Amino acid sequence: MFQTFLKDRVAIILTLVFIGLNLFILNELVSQVKASYEGSFQSGLVFLFGVIISLLGAIAVLYNQVVNSDRSLAFLFFVFCFIFSDVASLLGYYYGINFFYYIDFVSAALGLAFFTYTVLDVVNNEDENNELTQSY
């Protein structure tokens with residue numbers, strides 16, 4: 001999948017733009033809750049996690065575009081549920097909005113269901129591997 005991603009220049013440019021925007025947003029959020037962190041190490045981990053989540057989202061979108069199967073769609077939903085769960089938990093924790101904890105739990109449960117489907121769908125995995133090797 002990474003070979004497919006590296007061959008698509010538009011996807012690389014859009015991913016870098018998305019990572020830049022994500023880092024900008026994270027910088028603004030970290031500056032609002034700076035008192036909650038102890039040192040710069042925790043802030044650095046937040047930025048690293050943001051980059052990893054951005055890359056995972058870009059790979060999920062590209063994977064669904066290239067393969068376009070039920071398995072790739074389930075992986076895409078898993079990634080977006082994971083991102084939504086993370087954002088909801090941060091809003092609930094740092095801003096004290098307790099309703100977001102329910103959204104966090106539901107998103108995490110749905111994401112786990114989509115991830116389980118992605119892992120257990122072995123039949124589509126073999127078809128996707130053949131399709132990826134033939135298309136690129």
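How many helices and how many strands are there in the protein? There are six helices and zero strands, with helices taken as DSSP runs (H or I, at least four residues) and strands as E runs of at least two, numbered from the N terminus.

A quick note before the views: this is a predicted model, in which local features need pLDDT of at least 70, side-chain atom pairs count only at pLDDT 80 or more, and totals for chains, interfaces and linings use all residues. Residues are numbered from 1 along each chain as its sequence is written, and side-chain values use heavy atoms, with hydrogens and water left out.

**View 1. The whole chain, element by element.** From the N terminus on, the elements run α-α-α-α-α-α. Of the 136 residues in the protein, 32% are buried (buried is under 20% relative accessible area, exposed is over 50%, partly exposed is in between, with a 1.4 Å probe and protein chains only). Take the contacts with a separation of 6 or more, and 59% of them join residues 24 or more positions apart; a contact here means heavy atoms within 4.5 Å.

**View 2. Helix α2 crosses helix α3.** The axes of α2 (residues 9–32) and α3 (residues 40–67) come within 9 Å and cross at roughly 150 degrees. Those axes are lines fitted to C-alpha atoms, for helices over the stretch in contact, and angles run from 0 to 180 degrees between N-to-C directions. Among the residues making the contact are Phe 18, Ile 19 and Leu 23 of α2, and Val 46, Phe 47 and Gly 50 of α3. By class, the contact has twelve nonpolar, six polar and no charged residues; Ala, Val, Leu, Ile, Met, Phe, Trp, Tyr, Cys and Pro count as nonpolar, Asp, Glu, Lys and Arg as charged, and the others, Gly among them, as polar.

**View 3. The largest nonpolar core.** Ten residues make up this core, including Ala 11, Tyr 63, Phe 75 and Phe 78. A core is a set of buried Ala, Val, Leu, Ile, Met, Phe, Trp, Tyr and Cys residues joined through side-chain atoms within 4.5 Å. The elements giving two or more residues to it are α3 and α4 (70–95). The largest share, five residues, comes from α3.

View 4. The structure holds seven aromatic pairs (ring centres of Phe, Tyr or Trp, its six-membered ring, within 6.5 Å; planes under 30 degrees apart are stacked, over 60 edge-to-face, the rest tilted). Phe 77 and Phe 114 have ring centres 5.2 Å apart and planes at 50 degrees, so they form a tilted pair. Because Phe 77 sits in α4 and Phe 114 in α5 (residues 99–120), the pair ties together parts 37 residues apart in sequence. Phe 77 is partly exposed at 38%, and Phe 114 is partly exposed at 26%. Phe 78 and Phe 115 are also tilted, with centres 4.9 Å apart and planes at 40 degrees. Here Phe 78 is buried at 16%, while Phe 115 is partly exposed at 36%. Ring pairs link Phe 49, Tyr 63, Phe 75, Phe 78, Phe 82 and Phe 115 into a cluster.

**View 5. Ser 69 in its loop.** Ser 69 is found in the loop between α3 and α4 and is buried, at 18% relative accessible area. Leaving aside neighbours within four places in sequence, Ser 69 contacts Asn 64 and Glu 128. Ser 69 and Asp 127 are 58 residues apart in sequence and 9.5 Å apart in space, C-alpha to C-alpha.
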